[in-house]
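Have the viewer open and follow along.

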Amino acid sequence: MSTVQARIFPNSYRDSVELMQIAAEIESLAGIDRAGLVMATPANREVLAAAGLLSEATAAAGPNDLVVAVASDDESAAAHALERAAERLAGPGTEGPSETTHTEARTLAEGVAEIGANLALISTPGTYATAEALKALKHGLNVFLFSDNVSVEDEIELKTMARARGLLVLGPDCGTAILDGVPLGFANAVRRGTIGLVGASGTGLQQVSCLIDRYGAGVSQAIGVGGRDLDERVGGTMMLAALERLGADPGTDLIVLISKPPSASVAEVVLATAGAVGKPVIINFLGGEPAAITAAGAIPAATFEAAATIASAMALGGPIPDDDGLNGAATDQAAVREAQAAMDPTTWRIRGLYSGGSLAGEAKLVLRALLGEKGAKLHEIVDLGDDEYTVGRPHPMIDPRLRNEHLAAAAADPSTAVILLDVVLGYGANADPAGALASAIHAAREDAANAGRRFAVVASLCGTSRDPQNLDAQEAQLAEAGVILAPSNARAAALAARIVAPAAVAAGRLG
């Protein structure tokens, strides 16, 4: 039986993304069952308890202390893991892009006075994030608020103050932004250009920016506003502010908005602002009705791919294609036949295992569009980055083992015909997600073959050739593992739908 050993680092702080990365590394060591690295706030202590990592050794830790906890039935392995964590914490922080200059400031005031900073990245526990964000705004700084667990009331207060001061609050729970070419959070190395992006969706911003890069165009700014910004209570405050900024930005020629459909009152204000901004605006309200967008003088896009395709064509001066990636002509029929040949003809279910919440949401919409409401309900699309799955564990974009466990379970299900995956590259993401997936896929296929079953794997990669993981190298690893690759998430979901449709009909599950 595993026992928990822990070490406390008094008055120590590290960014939560870095802590997740170290936790993933420690948990992968031989003999370690679970690992957690957190600031010892009350909320994080509850997370440790839920993960089975709270012990008497951490009782004295306070909210300013960093706790490393490991579960293992091997005392020497646990000691080695704690020592390795200490080494990693003593070393330099996680590196960003090599062209970025790092200068250390101990306080916000130093950051403004000595460095000339104009943005504060805040990644403290949510209990303390609002106070830090208020300090930053009072110092005249824009805020990238990575922290989650910030109340909607605090979000409204922060964004109201920012609006009054002509500043931006990106977040809370903002995972992605690219400002003046500098990636923040989970972002990608994309080409600079004239397309401005505003998104209440982290992986949605990543998908659109990466596809724009693939099509030969570029991004001026990518502004993440947080998933609740278009909530009726918040009112789209930062999307409106970002729209106005990009409208006045001489380096931005056209704008793309990305979000789930906002409430009617918020949509009315956003569409009115988009129509008056004086530049072309492409809007992807995922699953929303296009008529209101067209009536406002903007251009609707049904998928992330469609948004990127339209924006890139306009930026490069080419014709706007009438293809959202969902129609029959857009689907590679050879790939469909290849996948159907690889799967057991009696199987019929799609099992989508996603690390990106917005990408999972888009996949569900694609299945609904192609298979109908009844047909879509036959399949399972899971966002493994949701809090339900990540309590006490690193996010699957950082640590692939959670998804690999679910992949093995999906492959063991006799109804599984297609396993559908997203692979998100970029800064902050796992160094080799394709390599980890390829190994898991080989093992799952071997187990299925021993049971007399087969299944197909369909995936799309969100990244660029300049990302640390290198898109081309990652695609090559997955192709070698027999994964059928699609150029976008929407096309991957559409491909999966067309693969299983005949088998679902034959099984009497799809009329």
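How many bridges join strand 4 to strand 5? There are 4 bridges, and strand 5 (residues 142–145) runs parallel to strand 4.

## Ground rules

We're looking at a predicted model, so local features need pLDDT of at least 70 and side-chain atom pairs count only at pLDDT 80 or more, while totals for chains, interfaces and linings use all residues. Residue numbers start from 1 along each chain as its sequence is written, and side-chain values use heavy atoms, leaving out hydrogens and water.

Helices (H or I, at least four residues) and strands (E, at least two) are DSSP runs, numbered from the N terminus; two strands pair if DSSP finds at least two bridges between them. The open sheet here has 3 strands in the order 4-5-6, with parallel pairing. Strand 4 (119–122) and strand 6 (169–170) are its edges, each pairing on one side only.

Strand 12 (residues 281–285) has 5 of its 5 residues buried, so it is largely enclosed by the rest of the structure. Buried means under 20% relative accessible area, exposed means over 50%, and partly exposed is in between (1.4 Å probe, protein chains only). Val281, Ile283 and Phe285 point one way, Ile282 and Asn284 the other, and all are buried.

On one pairing, strand 11 (residues 254–259) meets strand 12 in the parallel sense over 5 bridges, with Asn284 as the bridge partner of Ile258. Strand 11, helix 9 (residues 264–276) and strand 12 make a right-handed β-α-β unit. Right-handed is the clockwise case: strands pointing away from the viewer, path from the first strand over the helix to the second. Strand 12 also pairs in the parallel sense with strand 13 (residues 299–300), over 2 bridges, and Ile283 stands opposite Pro300 there. The chain gets from strand 12 to strand 13 through helix 10 (residues 290–295), in a β-α-β crossover that is right-handed.

## Charged pairs

Side chains of opposite charge can pair when their charged atoms come close. The cut-off for a salt bridge is a side-chain nitrogen of Lys or Arg within 4 Å of a carboxyl oxygen of Asp or Glu, and the count comes to 21.

Arg491 and Glu305 meet at 2.6 Å, N to O. Arg491 sits in helix 18 (residues 489–506) and Glu305 in helix 11 (residues 304–316), so the pair ties together parts 186 residues apart in sequence. Both Arg491 and Glu305 are buried. Glu87 and Arg84 form a salt bridge too, at 3.3 Å, but these two lie 3 residues apart in helix 3 (residues 75–90), about one turn of the helix. Glu87 is partly exposed at 44%, as is Arg84 at 29%.

Strand 16 (416–424) and helix 16 (433–450) each supply at least two lining residues.
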